[in-house]
Amino acid sequence: MHTHFMIKKTLIALQFCLLLCVTPTLAEPAGTWRLYNSYTNISKVEPIGNYIFALCDGNLFSYNQNDHSVAEHNKLTGLTSQNIIDIAACKTAKKLLIIYEDYTIDLLPIDLGKEITTIVGLKEKLTAKDKAITDTRINGKYAYLTTQGLGTLKINTLNSTIEETYTHDEVIPDDERTAMTVDGYKTLSSDAKPDGPETNRFWKIYLHDGKLFCPAGYYHYEMAADPNYPILTRYYDLSNQTWTTLPAPNNTELGYEAVDANCMAFDPNDATHFWIGSRSGLLEYRNYSYYTIYNCDNSTLKSTGHLNNNSRVLISSMTYDNSGNLWVMNSRTNTPINCYSNNSSTPWRTFPHTNLDFTGRNSIDMQEAFISTTNGLMWWVNTFGEPETTSSGIFVYDYNNDILHKYGTFTNQNGENIEAAKVYAVSEDRTGNMWIASLSGPFYIDKDEIPSSQNFDSTPIFHQPVINRNDGSNLGDYLLSSVPLRCIRTDFANRKWMGSTTSGVFLISADNQTEIEHFTTENSPLPSDEIYDIKIDDNTGIVYISTSRGLCSYQSDISSEYGTLEEDNIYAYPNPVSSDYTGPITIKGLYDQCQIKITTSSGYIVHKGVVSGGTYTWDGCDSNGDRVASGVYMVLIETPEGSKGCVTKIAMIK
């Protein structure tokens with residue numbers, strides 16, 4: 001997203017600009033959201049005025065027939081909800097009727113500068129009858145929505161009210177809309193649509209080589225109702241903000257259909273060499289092109305249930321070690337640990353561990369494999385097994401000496417058992433602690449208590465952070481203990497971003513004591529409260545979030561510039577600040593708990609505060625709440641250690 005500011009060509013404005021530091025062109029204010037919606041499959045088009053609105057994959061865009069431009073319409077542009085199921089053009093009211101999956105109804109004026117109105121009567125109606133909409137008709141100023149069990153709603157599209165509800169015996173007026181087919185739209189517009197991913201289907205996400213890689217997945221026990229999805233992996237180029245789909249193997253040449261892209265790994269010595277783990281074997285890519293596949297025929301990999309079936313060779317996670325060997329987790333087999341090295345005469349090796357009861361088809365689903373930067377051990381979790389209470393757990397592996405241990409029961413610092421029947425992920429924070437996302441919330445192993453391979457049998461304490469109630473009782477509660485978590489990622493300030501299976505995203509402070517943010521579909525543009533994965537770009541502070549309904553990102557206030565106080569890395573955005581801008585002015589690259597003062601060029605203090613994290617926001621007003629005058633303002637910092645200085649300048653233009 002780029003924001004452009006028009007500056008009058010006056011001597012004063014030129015002087016302002018000469019005083020400014022150079023700022024990154026792609027910088028966005030903290031708190032900025034983006035949605036990465038798919039517009040591949042157009043299912044319905046509705047012409048109205050100079051616009052044609054198109055519904056595709058639950059998303060909406062418009063095509064302007066005058067200038068041939070396209071525009072996305074979503075929660076970021078003012079829509080109330082998401083996952084659209086139907087649209088209808090109301091020519092009399094000059095509005096587009098939008099019906100969502102949750103039965104919210106929006107009326108979008110074709111004069112896009114006017115306010116969107118919302119009808120929630122159907123959504124909020126408490127009834128056991130079926131609300132499903134079976135027919136939509138537009139006649140004059142009225143929209144008639146026929147439901148499965150509630151009759152027909154008569155909506156006045158001019159004032160956005162439900163005027164009547166008819167029984168099923170009433171005669172409903174004919175539909176007066178002008179029909180347009182999808183093919184007709186494609187011919188008229190040359191198939192114009194916004195750029196986006198091929199589908200809204202996402203699973204794990206990866207940052208590599210300036211790109212966000214997104215396998216469509218997934219074969220996982222929780223998604224058993226939707227397996228066998230054709231191999232699909234896309235990547236989003238962060239520099240030019242475009243989507244590309246990686247080529248897939250030819251199923252005819254392969255002899256079977258390759259399905260369910262689950263995971264990826266990237267060669268540390270060659271940015272264009274990477275791997276995709278699927279339900280049908282291990283795919284190798286070179287120079288961003290499909291190269292070959294490994295399965296039962298040419299590797300130590302096995303198929304589910306020990307059958308010689310290449311279409312069922314399940315790869316669930318992978319990681320490279322420090323010597324450049326690729327470790328491949330071959331789930332639902334009795335030999336899940338495999339290693340590939342192209343520098344060996346026998347490139348494939350397998351490491352069976354019968355003492356851990358790898359019995360095959362229903363015993364292990366190895367997710368989130370990675371090697372700790374602190375202790376050098378390999379970690380992963382088993383998210384599935386029969387019975388779950390004995391099979392789910394955390395695995396720690398000394399791969400140099402082939403020593404493996406599993407932790408299947410968890411006792412916290414108070415000697416209490418953590419009822420974590422499912423563990424979804426393990427990850428390492430900035431200090432070396434190992435965090436576990438589980439059905440019972442988060443817990444962690446302190447870095448100083450992690451067993452070595454010589455004493456794996458000594459069970460560590462699994463700490464549950466305690467939040468003081470601050471009510472005088474000296475009691476506390478375990479952090480998010482009732483929230484099922486799927487993933488935990490740590491940003492540059494060691495804050496924890498926790499993705500839930502049901503409750504959206506939580507941002508927890510570095511000391512694990514404060515819930516800084518809790519994003520849900522109700523209070524943010526999150527496509528779904530079911531989170532699959534989170535990745536954080538440390539360079540920019542952007543947090544990418546994969547959900548069951550699609551992908552989004554959030555510009556956080558922490559990046560790799562956090563805590564450095566190097567003037568080259570500190571900047572304000574927007575800068576200069578135009579007279580018509582009323583949003584927050586964001587200052588990035590600061591130091592946590594610094595005292596900040598904003599002064600005039602003569603030294604008069606107009607604003608002061610304390611930095612929380614690595615970013616500070618200012619509303620452009622003085623201590624009385626009045627907008628400051630035109631001029632150049634100095635941003636002064638005093639660190640907790642007592643260092644002082646001017647770190648940047650902000651130009652206010654009126």
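## Terms and model

Contact means that heavy atoms lie within 4.5 Å. This is a predicted model, in which local features need pLDDT of at least 70, side-chain atom pairs count only at pLDDT 80 or more, and totals for chains, interfaces and linings use all residues. Residues are numbered from 1 along each chain as its sequence is written, and side-chain values use heavy atoms, with hydrogens and water left out.

## Gln464

Gln464 is found in the loop between strand S32 (441-445) and strand S33 (466-468). Strands here are DSSP runs of E with at least two residues, numbered from the N terminus. Gln464 has a relative accessible area of 7% and is buried (under 20% relative accessible area; exposed is over 50% and partly exposed is in between, with a 1.4 Å probe and protein chains only).

Apart from neighbours within four places in sequence, Gln464 is in contact with Asn412, Gln413, Ile418, Ser440, Pro442, Phe443, Tyr478 and Ser481. With Asn412, the side chain of Gln464 makes a polar contact of 2.9 Å. A polar contact is a pair of N or O atoms within 3.5 Å; within protein, one must be able to donate a hydrogen and the other to accept it, and residues adjacent in sequence count only if both atoms are side-chain atoms.

## Gly140

Gly140 also sits in a loop, between strand S10 (133-139) and strand S11 (142-147). Gly140 is partly exposed, at a relative accessible area of 22%.

Not counting residues up to four places away in sequence, Gly140 touches Thr92 and Glu176. Between Gly140 and Cys90 there are 7.7 Å in space, C-alpha to C-alpha, although the two are 50 residues apart in sequence.

## Aromatic rings

The whole structure holds 42 aromatic pairs (rings of Phe, Tyr and Trp, the last by its six-membered ring, with centres within 6.5 Å). One cluster linked by ring pairs consists of Tyr206, Phe213, Tyr235, Phe266, Phe274, Tyr285, Tyr288 and Tyr290.

## A four-stranded sheet

Four strands form an open sheet in the order S26-S27-S28-S29, with antiparallel pairing (two strands pair if DSSP finds at least two bridges between them). Strand S26 (366-371) and strand S29 (403-407) are at the edges; each has a single partner strand, so one side of each is left without a neighbour in the sheet.

S26 and strand S27 (residues 378-382) run antiparallel and are joined by four bridges. Gln367 has Val381 in S27 as its bridge partner.

Notes. Phe/Tyr/Trp six-rings, centres within 6.5 Å; stacked < 30°, edge-to-face > 60°.
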